[in-house]
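Biologist: I would like to go through the labels attached to this model and hear the grounds for each. Please set the values against the cut-offs.

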Amino acid sequence: MAESIYILGDEDRRKFARLVAAAWQDAELRSRYESGPRALLSQYGIAYPEGVPTPPLPPKPEGEFDITDLESAAGSSEPGTVSTILTLTSMTGPSVPNTTGDTF
């Protein structure tokens, strides 16, 4: 059986980047996402379809980061590439990165 996936548009990727950055700074927010991701996605203005697994929050990177860099990376993928802020998810977790050179 094929798993359903949902790819966020540019604006929703920027919103998700803000959510990720906030969750990296606030353990309570991260916990709320882990226990009820759809409610928090909605709170950040992201309408995520029912029946499709929600994206996991990525781990916080080591060192310093700038929210504008994160938002830029989240919303500026070039045509034929996959954004680096999100991985496609299935019921079993993140997908294997594309190493075949195929574009999506």
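Modeller: Start with Glu50, which has a relative accessible area of 66%. The model is a predicted one.

Biologist: Why is Glu50 called exposed?

Modeller: Exposed requires over 50% relative accessible area. Glu50 is at 66%, so Glu50 counts as exposed.

Biologist: What makes Glu50 and Arg38 a salt bridge?

Modeller: Their closest N and O atoms are 3.9 Å apart. The limit is 4 Å, so the pair qualifies as a salt bridge. The pair links distant parts of the chain, with Glu50 in the loop between H3 and H4 and Arg38 in helix H3, twelve residues apart.

Biologist: Why is Arg38 called partly exposed?

Modeller: Arg38 has a relative accessible area of 25%. Buried needs under 20% and exposed over 50%, so Arg38 falls in between.

Biologist: How many salt bridges does the structure hold?

Modeller: There are five. Among them is the one between Glu34 and Arg30, at 3.5 Å from N to O. Both residues lie in helix H2, four residues apart, about one turn of the helix.

Biologist: What makes Asp10 and Arg13 a salt bridge?

Modeller: The closest N and O atoms of Asp10 and Arg13 are 2.1 Å apart.

Biologist: Is Arg13 buried or exposed?

Modeller: Arg13 is buried, because a relative accessible area of 7% is under the 20% limit.

Biologist: What makes Asp12 buried?

Modeller: Its relative accessible area is 16%, and the limit is 20%, so Asp12 counts as buried. Asp12 lies in helix H1. Leaving aside residues up to four places away in sequence, Asp12 touches Tyr6, Gly45 and Ile46.

Biologist: Which residues does Ile46 touch, on that basis?

Modeller: Not counting residues up to four places away in sequence, Ile46 touches Leu8, Asp12, Lys15, Phe16 and Leu41. Ile46 is also among the residues that touch the most other members of the largest nonpolar core, which has 14 residues. The largest share of this core, five residues, comes from H1.

Biologist: How many aromatic pairs does the structure have?

Modeller: A search of the whole structure finds two. One of them joins Tyr6 and Tyr48, with 5.0 Å centre to centre and 80° between the planes.

Biologist: Why is the pair of Tyr6 and Tyr48 called edge-to-face?

Modeller: The 5.0 Å distance is within the 6.5 Å limit, and 80° is over 60, so the pair is edge-to-face. Tyr6 sits in the segment before H1 and Tyr48 in the loop between H3 and helix H4 (67-75), 42 residues apart.

Biologist: Which class does each of Tyr6 and Tyr48 fall into?

Modeller: Tyr6 is partly exposed at 30%, while Tyr48, at 12%, is buried.

Conventions:
Residues numbered from 1 in each chain as written. Predicted model: local features only at pLDDT ≥ 70, side-chain atom pairs only at ≥ 80, totals over all residues. Heavy atoms only, no water. Core = buried A, V, L, I, M, F, W, Y, C linked by side-chain atoms within 4.5 Å. Buried < 20%, exposed > 50% of the residue type's maximum accessible area, 1.4 Å probe, protein only. Helix = DSSP H or I, 4+ residues; strand = E, 2+ residues; numbered from the N terminus. Contact = heavy atoms within 4.5 Å. Phe/Tyr/Trp six-rings, centres within 6.5 Å; stacked < 30°, edge-to-face > 60°. Salt bridge = Lys/Arg side-chain N within 4 Å of Asp/Glu carboxyl O.
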